[in-house]
Amino acid sequence: MSGNNTRSSQLTANGAPRAGGAGTIADRMVSRIGYGAMQLERLHADRDAAIALLRRALELGVDHVDTAQFYGDGFVNGLIRDAFRPEDGVVVVSKVGADPHPGGTIPLRPAQRPEQLRASVEDNLKTLGLDRIPVVNLRRMDTRPGLLAEGDQVVDLDDQLAVMTALRDEGKIGAIGLSNVTPHRLRQALPAGIACVQNAYSLVSRGEEEMLRLCRDERIAWVPYFPLGGAFPGWPSVTDDPAVIAAARARGCTPAQIGLAWLLHHSPNLLLIPGTADAGHLEANIATQAIELDAATLATLDAAGSPST
């Protein structure tokens, strides 16, 4: 690669240095620090502020945004549609497998059947204002955390992959990802071509090391959700870990930044999508890229987060 191409690969389409450096998803180069849009639901009463936050992420070198139709029943997708232009080069990744359930005890309900997956892709296309979604993750519901499929929502993975592949062949989605899957399920899906995997994973919740290695070997992007843990009662929190707190104090940063920095150091195929509805937190998440972790600190943090957890 020439020097000019090497330099350009470290810049987003609008010329900003890539947040966290360059990574890859679905054969598209993206910044390793992206943005998870779920928390934008909190800005429902201030649409202008939400759009400004997305534009600020772009300025800071983010060009990978994770969303879903069920985030605010299309509200978040609409923000993304209005915030970004085609020339911004943002890779939008959405997901299917659940539908909004306003007024329910849980504001989501499973939507695992093939016809529901197709309908959800169509809904995403409409609210995002796209002809094709670069990547769509299929969110399985046969294991925790979150909702479990029951009754007619228990669907064979091959049947789901058939409709996802058809949608890709039709040009409505660019690539297929998986979420909340086991290594066995990923191996089952590999012939369909899988671009990324989203599972719960953090420094202190590392039961997915086998999956991470499998993704690395298969050149699949590993995109952890709940990257700081603590999302459910009883789950450990990265920011409560003594080794994380000590590393943060030594570097004058926050424990959350140490948790995110460790993830960036842990595997080259790992992409971050931390979410926030606050501009200050967004800037702190991006600033994670400048945090250096020496070998001794990495060894201490590795020991703190047992792979068995």
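The model is predicted, so local features need pLDDT of at least 70 and side-chain atom pairs count only at pLDDT 80 or more, while totals for chains, interfaces and linings use all residues. Residues are numbered from 1 along each chain as its sequence is written, and side-chain values use heavy atoms, with hydrogens and water left out.

**Cysteines**

- Searching the whole structure turns up zero disulfides (a disulfide here is a pair of cysteine sulfur atoms within 2.5 Å).

**Helices α2 and α10**

- The axes of helix α2 (residues 47-59) and helix α10 (residues 279-287) come within 10 Å and cross at roughly 20°.
- For the bookkeeping, helices (H or I, at least four residues) and strands (E, at least two) are DSSP runs numbered from the N terminus, and axes are lines fitted to C-alpha atoms, for helices over the stretch in contact, with angles from 0 to 180 degrees between N-to-C directions.
- That makes α2 and α10 roughly parallel to each other (under 35 degrees counts as roughly parallel, over 145 as roughly antiparallel, 65 to 115 as roughly perpendicular and the rest as oblique).
- On the α2 side, Leu53, Arg56 and Ala57 meet Ala279, Leu282 and Glu283 of α10 (contact means heavy atoms within 4.5 Å).
- Sorted by class, this contact of α2 with α10 has four nonpolar, no polar and two charged residues (Ala, Val, Leu, Ile, Met, Phe, Trp, Tyr, Cys and Pro count as nonpolar, Asp, Glu, Lys and Arg as charged, and the others, Gly among them, as polar).

- Arg144 and Pro145 are joined by a cis peptide bond, with omega about 10°; Pro145 sits in the loop between β8 (135-139) and α5 (157-169).
- Asn180 isn't a glycine, yet its phi is positive, at about 65°. You'll find Asn180 in the loop between β9 (176-179) and α6 (183-189), and it is buried, with a relative accessible area of 4%.
- Phe226, also not a glycine, has a positive phi near 50°. Its loop runs between β11 (221-222) and α8 (242-251), and Phe226 is partly exposed at 27% relative accessible area.

- Which residues of helix α7 (residues 209-217) are buried? They are Glu209, Met211, Leu212, Leu214 and Cys215.
- The cover over the buried residues of α7 includes α6, β10 (194-198), β11 and α9 (255-266).
- After α7 comes Arg219, with a positive phi near 60°.
- Ser179 belongs to strand β9 and counts as buried at 2% relative accessibility.
- Leaving out residues up to four places away in sequence, Ser179 touches Leu138, Arg139, Arg140, Gln198, Asn199 and Tyr225.

Methods:
Buried means under 20% relative accessible area, exposed over 50%, partly exposed in between (1.4 Å probe, protein chains only).
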